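These are my notebook entries on one structure, written down in the order in which I looked things up.

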Amino acid sequence: MRLQDIQPTTAVSAVMLRRASRLGTNSSNGRAMAGDASQSVYEVARQQLHVSAVPDTLPCREDEFAEIYGHLYNTIEERNSMCLYISGVPGTGKTATVHEVIRSLQESVEAEDLPEFQYIELNGMKMTEPTQAYTQLWQAITGDKVTSKHAAQLLEKHFSTPSPRRHTYVVLMDELDLLVTKSQSIMYNFFDWPHRPHAKLVVVAIANTMDLPERMLHHKVSSRLGLTRINFQPYSYHQLMTIVQSRLEGCMAFDSDAIELCARKISAVSGDARRALDVCRRAVEIVEADWRRDAEKPRKDKAGAAASRPLVTMMVIDRAVKEMYASGHIAFIQSASLQQKVFLVALRAAIRKAGIPEVSLGDVAFIHRQLCQMHKLTMPSYEQIAKICSQLGATRCILTESSILDVHQQVRLAIAEDDIAVALRPDPVLRKIAVS
């Protein structure tokens with residue numbers, strides 16, 4: 001959808017101007033922090049680069065912000081309902097952009113430009129059972145806590161019954177992938193309720209998989225639900241550079257070539273902004289540790305030594321990247337056996353095919369044997385694959401159902417998917433399998 005097609009254009013234009021001014025404020029705050037005499041340039045850089053230090057306004061997501069804002073503003077103003085499905089790989093700013101949109105909409109309400117609405121956030125990562133979504137939504141609406149089954153019945157009645165005094169509800173369903181059930185009733189209900197004539201319900205669902213509704217719901221059902229879709233592409237290296245540079249505005253801790261190298265390395269693997277920030281933050285820690293160690297050495301020109309603080313260079317970035325990829329899960333994968341590596345690739349493929357984070361061991365074993373046949377590797381038996389699964393489960397590299405020991409056992413990754421591709425990239429045999 002083109003930006004000029006989103007109505008009302010005046011509201012979108014006004015909020016984009018406010019957004020641009022906030023970007024300038026973020027930069028000013030960065031310069032102010034950099035000038036704080038009580039903090040070293042390294043301390044400021046570490047703080048600004050921390051993934052938890054999310055700025056009020058995200059750079060490089062202007063189009064996505066305007067599109068989401070336009071859809072929600074129009075729906076709330078007309079007191080209608082809608083489903084908005086946002087997809088994209090982790091670390092592409094989906095949730096942060098939605099949060100920024102909600103803040104801007106709330107500002108419009110305070111300025112009396114928009115009717116009041118109630119914002120409710122549900123996160124699949126924070127629920128022990130997917131059905132808790134019903135309980136949490138009903139509690140947010142009424143303040144009453146009931147069982148999930150009762151809550152589902154009450155919500156069905158609530159959104160089907162007309163109420164002239166009802167305000168619009170904007171419900172964010174984050175980590176939708178984790179709310180998938182065998183019957184798919186939760187996904188269906190949350191996507192179906194906004195189509196009730198009197199619901200006044202806006203559902204914003206965020207997931208990592210672009211076609212999750214089609215995979216989980218019958219095609220006729222998913223097409224009837226009529227979702228509005230927005231897909232967040234992985235950040236390009238230019239965008240990653242902009243993001244890191246915006247965090248470091250006024251903080252002279254990096255050589256410009258170092259930031260570009262980091263952006264290129266991360267964009268080549270995943271386009272995950274959080275990884276880029278982690279690498280840069282680790283690079284700052286390395287330079288600071290080296291500088292402090294050198295400062296403690298006896299020198300003739302102590303004043304000069306104290307004044308000259310080395311910058312983060314390309315060599316330091318390269319060291320930080322290698323350190324990050326040579327530790328933890330990546331180091332474990334590289335040291336694993338051939339069949340264990342194939343199993344991890346097969347599990348990743350099964351998860352991508354299913355569109356959900358948890359799949360059966362039988363599905364993984366089938367793909368595992370297919371990969372071995374395609375690439376002329378030794379074909380393991382199902383019993384051997386089950387043993388490999390058990391070994392990987394003991395390392396906590398994957399999560400398994402401990403009570404079931406057959407093909408119906410549910411398995412999921414406990415590591416990032418791109419860790420597998422990065423770990424197997426140097427392997428001449430498995431490199432092709434890992435990137436396929």
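I began with Glu358, which I note as partly exposed because its relative accessible area is 32%, and a residue counts as buried only under 20% and as exposed only over 50%. I keep in mind throughout that this is a predicted model. Which residue does the side chain of Glu358 meet in a salt bridge? I found that its partner is Arg412, with 3.4 Å from N to O. This pair links distant parts of the chain, since Glu358 sits in the loop between α16 (338-354) and β6 while Arg412 belongs to strand β8, and the two are 54 residues apart. Arg412 has a relative accessibility of 24%, so I put it down as partly exposed too. As a reminder to myself, side chains of opposite charge can pair when their charged atoms come close.

How many salt bridges does a search of the whole structure find? The search gives 17, and I looked at two further pairs in detail. In the first, Arg282 and Glu285 meet through their side chains at 3.1 Å, N to O; both lie in helix α12 (residues 273-296), where they are three residues apart, or about one turn of the helix. I count Arg282 as partly exposed because its relative accessibility is 27%, and Glu285 likewise because its relative accessible area is 28%. I also noted that these two belong to a network of salt bridges that links Arg281, Arg282, Glu285 and Glu323. In the second pair, the side chains of Glu64 and Arg61 form a salt bridge at 3.1 Å, N to O. Are Glu64 and Arg61 buried or exposed? I found that both of them are buried.

Val407 is placed in the loop between β7 (398-400) and β8, and I call it partly exposed because its relative accessibility is 40%.

I looked up Leu178 and found it in the loop between β3 (168-174) and α7; with 21% relative accessibility, it counts as partly exposed. Leu178 and Pro357 are 179 residues apart in sequence, yet their C-alpha atoms are 6.9 Å apart in space. Lys200 is in the loop between α7 (185-192) and β4 (201-207). Why does Lys200 count as buried? Its relative accessibility is 16%, and the cut-off for buried is under 20%. From Lys200 to Pro162 I wrote down 38 residues in sequence and 9.5 Å in space, C-alpha to C-alpha.

How values were computed. Residues numbered from 1 in each chain as written. Predicted model: local features only at pLDDT ≥ 70, side-chain atom pairs only at ≥ 80, totals over all residues. Heavy atoms only, no water. Helix = DSSP H or I, 4+ residues; strand = E, 2+ residues; numbered from the N terminus. Buried < 20%, exposed > 50% of the residue type's maximum accessible area, 1.4 Å probe, protein only. Salt bridge = Lys/Arg side-chain N within 4 Å of Asp/Glu carboxyl O.
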